[in-house]
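Come along and look things up with me.

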Amino acid sequence: MELCKKIAMEKKQNNGSFSRRQFIGTAAAGLAGIIVLPALSSCAKPAAGNEVTIGFIGLGRQAMHLLNGFIHLEGVKVVAGCDVYGRKRTRFENRVNEFYAEQERTVDIKTYERFSDLLARKDIDAVVIATPDHWHALIAIAACRTGKDVYLEKPMTFTIREGRELVKTVRATSRVLAIGSQQRSDANFQHAVKMVQSGLLGKIEKINAYIGAPPTPYTLPEEVVPSDLNWDLWLGPLPSSIHYNNELNPPISLDPPMDEKFWGGWRWYKEMGGGFTTDWGAHMFDIAQWGLGMDGSGPVEAAPIGDGTEFMSFRYENGVILTSEPFNENLTKGVKFLGDGGWLEVSRSHYLASDDSLLPPATGGDDDVPYETSGSHYQNFIDAIRNRTDPIVPVETGHSTCTVCTIGNIACELGRPLRWDPATQTFPDDPDGAATSLMHYAYREPWKL
């Protein structure tokens with residue numbers, strides 16, 4: 001079957017960033033390919049006396065996009081970075097120094113191998129965390145406890161228990177924590193959710209949120225660890241038996257300059273990540289949850305791939321079915337809401353609907369701004385810091401979205417449907433404890449949650 005072949009090939013493709021281009025009323029294929037990381041350019045100097053100082057933890061490919069988004073904001077100053085890979089620390093220093101030199105500003109940029117050293121600095125207001133998923137919870141919790149506000153890349157955590165602990169810590173410390181689910185700041189996705197929640201599609205019956213496949217076992221061959229990469233620290237709480245391969249932490253070059261040619265492959269393997277389920281589910285399941293008004297809650301059942309179906313599915317208490325099934329032959333990663341009075345589908349590259357009245361108003365936005373670099377989501381975080389309010393994607397929302405993804409992966413791992421209680425965040429029917437045991441894993445010493 002051609003559709004199956006396309007899905008199988010996805011893992012070999014490098015999913016790129018989309019521009020904010022709108023293709024209203026016409027289908028558009030999902031864009032993929034190697035991303036050229038954005039160069040930093042000068043902008044107006046930030047307002048004096050109201051600067052938010054930021055440190056970055058995790059300095060890989062995604063961090064370079066985040067850096068380019070944050071450093072241009074008025075009143076934001078980037079002062080530090082942290083990574084376990086030496087050459088990525090040097091790249092970060094070079095890019096930040098080049099940016100501020102163009103502004104004729106002097107900023108003392110320091111980088112660190114250990115995140116605890118960065119968090120110990122009292123002059124840093126907030127941190128941007130763009131590490132592999134297995135580090136998200138530990139670093140974010142430590143940041144909150146040291147008085148830092150946090151911008152945390154999606155998916156929020158690697159395990160459900162980590163998510164619960166992070167929610168508690170954020171509220172106990174009164175910190176601002178924003179999740180990098182930037183589609184919530186996108187006008188097209190906002191309009192789609194408005195149409196759904198306004199009842200203009202009638203009663204929602206089904207949602208197709210295509211994301212891709214779950215993770216697979218780690219099978220890459222072992223390679224020699226680069227001399228400037230602290231592999232033990234990269235692993236952190238993960239088992240020491242996980243060996244290095246360059247696809248897990250893509251190499252770069254400083255001379256000649258060469259950025260990552262692909263995304264970190266750790267995300268595709270269940271020992272380290274959640275596959276496409278969490279990588280893209282954190283975006284597309286997030287929109288489905290938002291549209292249904294299920295932020296902070298979730299489905300009551302998760303069904304795995306298998307028994308004649310190629311896609312995972314979720315059932316909500318009101319009868320709505322959410323499935324990871326594609327809604328077009330292009331395998332566009334997006335969301336299609338189907339109601340008894342109409343339908344609409346939205347992705348980063350197009351918007352289609354059963355009636356023109358459901359389409360968003362045309363905008364004259366910049367078509368050439370890379371999706372991952374657009375500033376409104378980042379500005380929302382900075383505004384939340386200054387105003388001490390929740391951002392557009394607060395910690396509870398990040399946790400509930402991430403939980404949907406994870407229970408889907410757990411169902412696929414066990415090969416059977418699972419009942420889920422979103423209120424208690426437990427599996428009600430789990431006599432052997434198998435599903436419950438997959439809500440977390442044993443950390444390697446000395447790491448503790």
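**Entry: confidence**

I reminded myself that this is a predicted model. I looked up the chain's mean pLDDT and found 89, with 86% of the residues at 70 or more. Then I turned to residues 1-48, where pLDDT stays under 50. The model still has 133 contacts beyond four places in sequence for that stretch.

**Entry: the largest pocket**

Which residues are the closest to the centre of the largest pocket? I found A130, T131, P132, W266 and R267, out of 47 residues that line this pocket. Its volume is about 730 Å³. I checked which elements give two or more residues to the lining, and they are α2 (61-70), α4 (115-119), α5 (136-145) and α8 (231-235). The largest share comes from α2, with 3 residues. Sorted by class, I have 20 nonpolar, 14 polar and 13 charged residues in the lining of the largest pocket.

**Entry: the second largest pocket**

Here I wrote down about 570 Å³ of space. The lining of the second largest pocket has 26 residues, and F158, K270, E271, G273 and L438 are the closest to the centre. Helix α12 (residues 395-414) supplies the largest share, 5 residues. By class I noted 12 nonpolar, 10 polar and 4 charged residues in this lining.

**Entry: cavities**

How many cavities of 30 Å³ or more are there? My count came to 2. The largest cavity holds about 50 Å³ of space. I listed its lining as K154, P155, M156, I179, S181, A282, D286, T397, G398, T401 and C402. The classes in the largest cavity's lining are 5 nonpolar, 4 polar and 2 charged.

I went back to α2, from the lining of the largest pocket, to see how it packs with helix α11 (residues 376-387). The angle is about 65° and the axes are 9 Å apart. The crossing of α2 past α11 is right-handed. I found L66, G69 and F70 of α2 in contact with Y378, F381 and I382 of α11. What classes of residue make up this contact? I noted 5 nonpolar, 1 polar and no charged residues.

Technical notes. Residues are numbered from 1 along each chain as its sequence is written. This is a predicted model: local features need pLDDT of at least 70, side-chain atom pairs count only at pLDDT 80 or more; totals for chains, interfaces and linings use all residues. Side-chain values use heavy atoms; hydrogens and water are left out. On a 1 Å grid over the protein atoms alone, a cavity is a set of points where a 1.4 Å probe fits but cannot get out, and a pocket is an open set with protein on both sides within 12 Å along at least five of seven lines; lining residues have an atom within 4 Å of a point. Grid points are joined across faces, edges and corners, and a volume is the space filled by probe spheres set on the points. Helices (H or I, at least four residues) and strands (E, at least two) are DSSP runs, numbered from the N terminus. Ala, Val, Leu, Ile, Met, Phe, Trp, Tyr, Cys and Pro count as nonpolar, Asp, Glu, Lys and Arg as charged, and the others, Gly among them, as polar. Axes are lines fitted to C-alpha atoms, for helices over the stretch in contact, and angles run from 0 to 180 degrees between N-to-C directions. A crossing is left-handed if the near helix is turned anticlockwise from the far one by less than a right angle, and right-handed if clockwise. Contact means heavy atoms within 4.5 Å. pLDDT is the predictor's confidence in each residue, from 0 to 100.
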